[in-house]
Amino acid sequence: MKTFNYHSAKDVKEASKLASSNSAFLAGGMTTIPSMKLGLASYKDIIDIKRIKKLSGIKVSGKTVTIGATTKHSEVASSKDVKKAIPSLAALAEGIGDPQVRNRGTIGGSIANNDPAADYPSACIALNATIHTNNRSIDAEKFFRGMFETCLKSTEVIESIEFSIPQKSSYQKLPNPASRYAIVGVYVAQHKTGINVGVTGAKSCVYNDKDLAGALTKNFSSSAIDSVKVSSSGMNSDIHASSDYRANMVKAFAKKAVDAC
Amino acid sequence: MASLVGSRVERKEDKRFLTGKGRYTSDINIANQTYAIFIRSPHARAKIKKIDTSKALKSSGVVDILTGEHIAQDKIGGLIAGWAIRSEDGSEMKCPANPPLAKDSVNFVGDPVAVVFAETLDEARAAAELVKVDYKVLKAVSNLGEAMNSEAIHDGIDKNLCYDWLLGDRQKVKEAFDKADKIIKLDINNNRLIPNAMEPRACVIDYNTASEEITCYTTSQNPHLSRLIMSAFGGVAPENKLRVVAPDVGGGFGSKINLYNEEIVCSWASKKIERPIKWVAERTESFLTDTHGRDHITHAELAVTNDGKFLGFKNETIANLGAYARVFGTVTPTYLFGPCATGVYIMPAAYSNVKAVYTNTAPVDAYRGAGRPEATYTIERIVDKAAMELGIDPIEIRMKNFPTEFPFKQTLVHQIDSGDYVAGLNKAKEMADYDGFAARKKESESKGKLRGIGVTSYFEACGIAPSPVVMMLGCGVGLWESAEVRFNPTGQVTVYTGSHSHGQSHQTTFAQIAADELGVPIENIDVVHGDTDKGTFGMGTYGSRSLTVGGIAIVNACKKIVNKGKKIAAKMLEASPDEVDFKNGEFVVAKSNKKKTIGEVAFASYLPGVRDEVKSPLPEGEEPGLIESSFFDPANFSFPAGSHICEVEIDPETGHVKLDKYTAVDDFGTIVNPLIVEGQVHGGLAQGIGQALYENAQYDDSGQLITASYMDYTMPRADDLPDFNLGFTCTKATTNPLGVKGCGEAGTIAATPTVMNAVINALDGKEISLPATAEKVWKACKEMKKSNAKAA
Ligand SMILES: Cc1cc2nc3c(=O)[nH]c(=O)nc-3n(C[C@H](O)[C@H](O)[C@H](O)COP(=O)(O)OP(=O)(O)OC[C@H]3O[C@@H](n4cnc5c(N)ncnc54)[C@H](O)[C@@H]3O)c2cc1C
């Protein structure tokens, strides 16, 4: 690991001020630290944001669940409020990595990192999330740009993520047997305003599968999915799963999600 | 006193391991130590044109940087193959030189070329980045199937072929095949595995400039052998100036049998730089450079009669040695594999032909089971295929071909002293509720799932022996084991063993058998191992040999103690030695009913004489003290056996295989500690299941290991495994006084074919290669659906 300057920010303003194109925020460190140790990334400044109280916590209003950026996966998984309002979201958090990862990793870090195989991005898409930063609010559909890419500026700090409470929803994941990230993860959510099918793991970036959503809008049942063609073009292919398998698993896990709704 | 052999004594090791108080190599720090970082080839195959260390040498904190040139100048020898195997045509095997630091060429990703020593680990790392190695990259040979038709990796080794070995009689096999009703054919792989010991390899070297002694703390399964090789072949130091200590070692599974480059280099360098050295592998280095396991391609044929009798068997295998031949590298795919390929069956004719080839991949060596899992996989898969093609129940076809009389002369080599395969399979059948399978299958089908059942019967040959035979087969050493038993004057006992525990719990098992032999409470017995300065020379632990060979050396040393004790007791009790009986720790003279405890006798042996209350006259001609040693060389291998049955449920929509039930019935002869043996079976099963469903080391065409982390190499996890249903049968080994057989590898040997047979059974006989990953199974399910639709 290369040497770096460590800062512990007392508030969001300070964190943002310290940030540059050569810095990283330290939330759970579950991505940043291993990549630094492996020499895949190096930064001049590491800005610890865990001491900023305001960034952590869960709030439920009538229509939304708002989760602070540094809230840990284990906190979301065990939150009674989340379990009641959006049980599928708590279940998603429970399925991330392993207990060690869940006890450190944060929702803000997860979506800022936008790993193509991460779980939370699919929730953001399916649950019409709004990402609140220190200077704006961003729709999930616009937030995720590409592989490990978001529309965040380097000095921008995610403060919280606000999820709409759906009428019903389910997240179903085919875990990579080695890492337990998603080979394919499908988040189906039915809102009054419409249906979303957030898909992660399958392509270079999370997306809302409009074809699946369309079919489910007409007929919310797993059999409706049978007739949808999911093309393997643009799907990831690696030693764990070919693009053809992934395309088929998008359907299979969408069906599982609908059945579990 | 009740016998401890057979009881579930809690492990003496538990307190230290479960409270984090183990002392592993990387826990050892020596004042003034330097830190080593190895510079490794990023290429699978290349010539080294130039190594420029000038910039790195000036980097902060650097003590020295050494390369293959220095190794060559100091005439430090390289790593060796422990077994010389001959080809079918009588020619000797071909092995390349394997210098501890490559000088001219590198042959796998991770092959070390230089080493940096610095004051801190960070400084060593920073300097390592400044070492410039100029390579001429060559085309890598990374595909096993194509290796023999590829460019030769090593000068003078044609077709990359180490040997082309044959065991058995081709003519007899041909005759048997001519008589067959049917020939069953099978092409299978045996996937490459990375052992993944929890503790990465490490060494800490302390060179004493005054005594000129090198102490090497290392993660080894056999410190004595490491010392021997480092001294006799490496030329690092004479044995008396070299102490090798393997303290607590966190798992080996075969990967720590070998002496590795790093231990030789650091031991040699410590003397050169006159500083202690510490090296600890990073996990990536473990993936890249620990010896790997398995990696075979096999074509097998079984000749059968229509009613399911076996007539003959052919096994044609290509085995991957990786870049270099290491200690057990050449014997694993031959004598540990070939003979076992006919399984537990009467097989009138058979041969195993193995071509071992070099590739630009990490060296392949013994991995838990070593050869026997590959053999068992081959025979048990083809037996199932035969059952399916002949329409015979898998259990019935096995029963039909079991030997029922022992000793049983197995076709290719082994004279199996004892066993009862029928009893084992019957018990497994009952415990697994084999007859209830059809109903469970129906139930799965009603949920849209497929269900399969798999059966395996295995025997294995472990505790390789006797030494004269072992050496005749090509081994460079004998495979006996030693022990020394020492009574302290105040009655406690220290047992020294030449075997080594890296998870096997010798401290408990060996104390149990010594406690029974000597009648001393187990609390008063300590077992010491893993230090060449303590106790007698030993051969270490691998191949399930510790108890059957090393444990018996302890028994024999204890018997010598008792014999000497009898003479001393006789003198003390004023009787003749043959009037003295020894029982429950007491020497008793029946006619006078006078007795002395073994503690009193030990005390007397150290205080020979008569003064005040001490009255302990040593018999004439006896030396003081109560210390005895023994070297045990068994008359034969030991032959554990058993039958395993498992059931899988498959989701055809995703290909996910759920291992639903697993029953293992094993015959390990006498069981000293059921608690420990069950633990060994559990661990072995997990690894065998891992091979069947998850683990798979993969290299790409350029020879890069693409599964070099836990993000890509799938280990089995606790939640992948069902509760194991374990049972035992017992036929005692006749080749040792305890009647024990090895138990360390059985689970690994039996589990892989058991699981695959179940998966393939669920797929109506559709073959898939190892491991049965979800995607492969899903594809097979799809094809099955198609062909079922066609048939309908
Ligand atoms: C073994 C392992 C298994 C895992 N398995 C899974 C899995 O199954 N599913 C899954 O989804 N994830 C998985 N992860 C990832 C895990 O969920 C991490 O939580 C996540 O990758 C990053 O979160 P973090 O809090 O650790 O972020 P950090 O590592 O601290 O930061 C990551 C990046 O996010 C940025 N960042 C962090 N917080 C903010 C913020 N508030 N505003 C702006 N930028 C910010 C940082 O600058 C940095 O670039 C796994 C990780 C490991 C190590």
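**Notebook: ligand shell and chain interface**

I started at the ligand and found a backbone N or O atom of Gly28(A) 2.8 Å from one of the ligand's oxygen atoms. I count this as a polar contact, meaning a pair of N or O atoms within 3.5 Å; within protein, one must be able to donate a hydrogen and the other to accept it, and residues adjacent in sequence count only if both atoms are side-chain atoms.

Before going on, I noted that this is a predicted model, in which local features need pLDDT of at least 70 and side-chain atom pairs count only at pLDDT 80 or more, while totals for chains, interfaces and linings use all residues. Residues are numbered from 1 along each chain as its sequence is written, chains are lettered from A and ligands numbered from 1 in the order in which they are written, and side-chain values use heavy atoms, with hydrogens and water left out.

**Entry: around the ligand**

I looked up two side chains next. Thr31(A) has a side-chain N or O atom 2.4 Å from an oxygen atom of the ligand. Lys173(A) places a polar side-chain atom 3.3 Å from a ligand oxygen. The ligand taken alone exposes 970 Å², and the protein buries 90% of that; accessible areas come from the Shrake-Rupley method with a 1.4 Å probe, and for residues only the protein chains shown count as cover.

Which residues come nearest to the ligand? I found 30 residues around the ligand, and the nearest are Gly29(A), Met30(A), Thr31(A), Thr106(A) and Asp119(A). Near here means that a heavy atom of the residue lies within 4 Å.

By class, I listed 15 nonpolar, 11 polar and four charged residues in this shell. Ala, Val, Leu, Ile, Met, Phe, Trp, Tyr, Cys and Pro count as nonpolar, Asp, Glu, Lys and Arg as charged, and the others, Gly among them, as polar.

In chain A, strand S2 (23–26) and helix H7 (107–113) each supply at least two shell residues. H7(A) gives the largest share, four residues. Helices (H or I, at least four residues) and strands (E, at least two) are DSSP runs, numbered from the N terminus.

**Entry: a salt bridge in chain A**

I then checked Asp119(A), which forms a salt bridge with Lys173(A), the closest N and O atoms being 2.9 Å apart. Asp119(A) sits in the loop between H7 and helix H8 (120–126), and Lys173(A) in strand S11 (residues 168–175), so the pair links parts of the chain 54 residues apart. The term means a side-chain nitrogen of Lys or Arg within 4 Å of a carboxyl oxygen of Asp or Glu.

**Entry: chain B against chain A**

How many residues of chain B are in contact with chain A? I count 20 residues of chain B in contact with 20 of chain A, contact meaning heavy atoms within 4.5 Å. The area buried between the two chains is about 1600 Å², with 49% from carbon and sulfur atoms. Buried area is the accessible area (1.4 Å probe) that two parts lose on being put together, summed over both.

Five salt bridges cross this interface. One of them joins Glu653(B) and Lys255(A), with the closest N and O atoms 3.8 Å apart.

**Entry: cis bonds in chain B**

I found a cis peptide bond from Phe406(B) to Pro407(B), with omega near 0°. Another cis bond joins Ala465(B) and Pro466(B), where omega is about -10°.
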